[in-house]
Amino acid sequence: PVPRHVRNVAIGGPPPAPDKPFSTIAQMLPGDDAVLSTLEGRFVYEVTSTEVVTPDAIWIIDQTAAFTATLFACHPVGSTKERIVVHLELTDQ
């Protein structure tokens, strides 16, 4: 799935590092905006929750019947012990 389409857009990022796309993932809070851009346009999602899970928590990429997205990356910085997960909902349908 791609942004603006029904389903969960799951995006895994590189381990957070300065000047990398997921460098501030651990600082995202409910109510924050996340902008996803594609050839179809620019789509604004709102953070609904953030959590830390184990690497085997593959349910985080399960599909939904809603306009959602999930961002995830290794956590903590410099480790692959866990994953930080940010759940999003599309705001500009």
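## A hairpin between strands 4 and 5

Strand 4 and strand 5 form a hairpin with six residues between them, and glycine 78 in the turn has a positive phi of about 85°. Strands are DSSP runs of E with at least two residues, helices are runs of H or I with at least four residues, and both are numbered from the N terminus. The structure is a predicted model, in which local features need pLDDT of at least 70 and side-chain atom pairs count only at pLDDT 80 or more, while totals for chains, interfaces and linings use all residues. Residues are numbered from 1 along each chain as its sequence is written, and side-chain values use heavy atoms, with hydrogens and water left out.

The pairing of strand 4 with strand 5 is antiparallel and extends over eight bridges; two strands are said to pair if DSSP finds at least two bridges between them. Within this pairing, alanine 69 has leucine 88 of strand 5 as its bridge partner, and alanine 73 stands opposite isoleucine 84. Serine 79 is located in the loop between strand 4 and strand 5. Serine 79 counts as partly exposed because its relative accessibility is 22%; buried means under 20% relative accessible area, exposed means over 50%, and partly exposed lies in between, with a 1.4 Å probe and protein chains only. Although 64 residues separate serine 79 from proline 15 in sequence, their C-alpha atoms are 8.1 Å apart in space.

## The chain as a whole

The chain has zero helices and five strands, and from the N terminus on its elements run β-β-β-β-β. The radius of gyration is 13 Å, close to the 12 Å that the globule rule gives for 93 residues, so the chain is as compact as a globular protein of that length. This radius is taken over C-alpha atoms, and the globule rule is 2.2 Å times the number of residues to the power 0.38.

Along the principal axes, the C-alpha atoms of the chain fill a box of roughly 35 × 30 × 25 Å. Of the 93 residues, 32% count as buried. Among contacts between residues at least 6 apart in sequence, 59% join residues at least 24 apart; contact means heavy atoms within 4.5 Å.

Five strands make up an open sheet with the order 1-4-5-3-2 and mixed pairing. Strand 1 (7–12) and strand 2 are the edge strands, each pairing on one side only. On average, neighbouring strands of this sheet are turned by 35° against each other, direction ignored; the axes are lines fitted to C-alpha atoms, and angles run from 0 to 180 degrees between N-to-C directions.

Strand 1 and strand 4 are parallel and share six bridges, with valine 9 opposite alanine 69. Strand 3 pairs with strand 5 in the antiparallel sense over eight bridges, and valine 52 stands opposite isoleucine 84 in strand 5. Strand 2 and strand 3 also run antiparallel, joined by six bridges, and a hairpin connects them through two residues.

## The nonpolar core

In soluble globular proteins, nonpolar side chains tend to be buried together. The largest nonpolar core here has 16 residues, and those touching the most other members are Ile25, Met28, Tyr45, Ala69, Leu71, Val86 and Leu88. Such a core is a set of buried Ala, Val, Leu, Ile, Met, Phe, Trp, Tyr and Cys residues joined through side-chain atoms within 4.5 Å.

Two or more core residues come from each of strand 2 (33–38), strand 3 (41–53), strand 4 (67–75) and strand 5 (82–90). Strand 5 gives the most, with four residues. Neighbours within four places in sequence aside, alanine 69 is in contact with Asn8, Val9, Leu36, Tyr45, Val86, His87 and Leu88.

## Threonine 70

Threonine 70 belongs to strand 4. Threonine 70 counts as buried because its relative accessible area is 3%. Not counting residues up to four places away in sequence, threonine 70 touches Asn8, Val9, Ala10, Ile11, Ile60, Val85, Val86 and His87.

A polar atom of the threonine 70 side chain lies 3.5 Å from the backbone oxygen of isoleucine 60.

Terms used
Polar contact = N/O pair within 3.5 Å; in protein donor to acceptor, adjacent residues only side chain to side chain.
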